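Please study the sequence and the structure below together. The paragraphs that follow move from the whole chain to its sheets, its salt bridges, its surface and its backbone.

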Amino acid sequence: MSNRVIPDNSQLIEMENTKANGNDDRAEVIGAGTPEGGVGICGWILTALAWLMVICTLPFSLCVCIKVVQEYERAVIFRLGRLLPGGAKGPGIFFILPCIEDYTKVDLRTVSFDVPPQEILTRDSVTVSVDAVVYYRVQNATISIANVENANGSTRLLAQTTLRNVLGTKNLAEILSDRDNISTFMQVSLSFTYSQSKHVYAGEAFNTCP
């Protein structure tokens, strides 16, 4: 059983307020700062060559350079491996330079998934099997790509861990009667962990089987 401390209601409120006020330092994008010297001479040469190739092959190069993302999508662009300033692009048309720029699409729609049944030992030494459902959506496409290797998979694993941790501190009667507080804790905990990159709408435990 994990030794993680489960916050009380006052701590949950403080966590939610911190997230809402944007005071969490973890919201910063990893590697977003521009190191001294920028991309360097090689980077500027490659960029100039890319522009030259685009100009020389007009209008055919537009088929490669012009991209479109849907209303519910955003594109996070990297140039020579570096995150471009200005945040994610979209919705609509945006421009990329061939060979030196790459982009990743991020879906901003609400995602739902089932948490597989978890075997949990309650505080009164009763083994129960509990599953849950979680709804979330990406709030900041740039942070979800730059700071997390696999945001969707990480959310699923964290939801399982959070469910086990919170239910392991309660007895069977509390689990059966206190589902609202359990759902609230899961929602706030998941949202706070990912700071500004995601917002969890609900994390609800159901189908408790002793």
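This is a predicted model: local features need pLDDT of at least 70, side-chain atom pairs count only at pLDDT 80 or more; totals for chains, interfaces and linings use all residues.

Seven helices and eight strands make up its secondary structure. The accessible surface amounts to about 11,900 Å², and carbon and sulfur atoms hold 55% of that area. A view of the fold is also given by its contacts: of those with a separation of 6 or more, 72% are between residues 24 or more positions apart.

We may begin with an open sheet. Three strands form this sheet, in the order β3-β2-β5, and their pairing is antiparallel. Its edge strands are β3, covering residues 82-83, and β5, covering residues 101-107, each of which pairs on one side only. In general, the strands of a sheet pair through backbone hydrogen bonds, in either a parallel or an antiparallel manner. Strand β2 comprises residues 73-79, and seven bridges join β2 to β5.

How many salt bridges does a search of the whole structure find? The search finds two salt bridges. One of them is formed by E101 and R79, whose closest N and O atoms are 2.5 Å apart. Because E101 belongs to strand β5 and R79 to strand β2, this pair ties together parts that are 22 residues apart in sequence. E101 is buried, since its relative accessible area is 10%, whereas R79 is partly exposed at 27%. R109 and D107 also form a salt bridge, with 2.7 Å between the closest N and O atoms. Here R109 is partly exposed, with a relative accessibility of 44%, and D107 is likewise partly exposed, at 31%. As a general principle, side chains of opposite charge can pair when their charged atoms come close.

A hairpin is the next feature to consider. Strands β6 and β7 form this hairpin with five residues between them, and the two strands pair in the antiparallel sense over nine bridges. Within the pairing, F113 stands opposite V134 in β7. Two residues of the connecting loop deserve attention. The side chain of T122 makes a polar contact of 2.4 Å with that of D124. Beyond residues up to four places away in sequence, T122 touches V128, L167, G168, K170, N171, L172 and I175. S125 lies in the loop between β6 and β7 too, but S125 is exposed, with a relative accessible area of 58%. S125 has a positive phi of about 60 degrees although it is not a glycine.

W51, I55, L58, L62, I66, V68, I93 and F95 make a nonpolar surface patch of about 740 Å². Each of α2 (40-56), β1 (66-69) and β4 supplies at least two residues of this patch. One of the members, I93, lies in strand β4, which covers residues 92-95. I93 counts as exposed because its relative accessibility is 66%. With neighbours within four places in sequence left aside, I93 is in contact with I66, K67 and V68. The C-alpha atoms of I93 and K67 are separated by 5.7 Å, although these residues are 26 residues apart along the chain. I66 lies in strand β1, and at 36% relative accessibility I66 counts as partly exposed.

The peptide bond from L58 to P59 is cis, with omega near 0 degrees, and P59 is found in the loop between α2 and α3. A cis peptide bond also leads from G90 to P91, where P91 occupies the loop between β3 and β4. L80 is not a glycine, yet its phi is positive, at about 55 degrees. This residue, L80, lies in the loop between β2 and β3 and is partly exposed, with a relative accessible area of 34%.

Technical notes: Residues are numbered from 1 along each chain as its sequence is written. Side-chain values use heavy atoms; hydrogens and water are left out. Two strands pair if DSSP finds at least two bridges between them. Helices (H or I, at least four residues) and strands (E, at least two) are DSSP runs, numbered from the N terminus. A polar contact is a pair of N or O atoms within 3.5 Å; within protein, one must be able to donate a hydrogen and the other to accept it, and residues adjacent in sequence count only if both atoms are side-chain atoms. Contact means heavy atoms within 4.5 Å. Buried means under 20% relative accessible area, exposed over 50%, partly exposed in between (1.4 Å probe, protein chains only). Patches are made of residues with over 30% relative accessible area and no salt bridge: like charges are joined within 9 Å, nonpolar side chains (Val, Leu, Ile, Met, Phe, Trp, Tyr) within 5 Å. Accessible areas come from the Shrake-Rupley method with a 1.4 Å probe; for residues, only the protein chains shown count as cover. A salt bridge is a side-chain nitrogen of Lys or Arg within 4 Å of a carboxyl oxygen of Asp or Glu.
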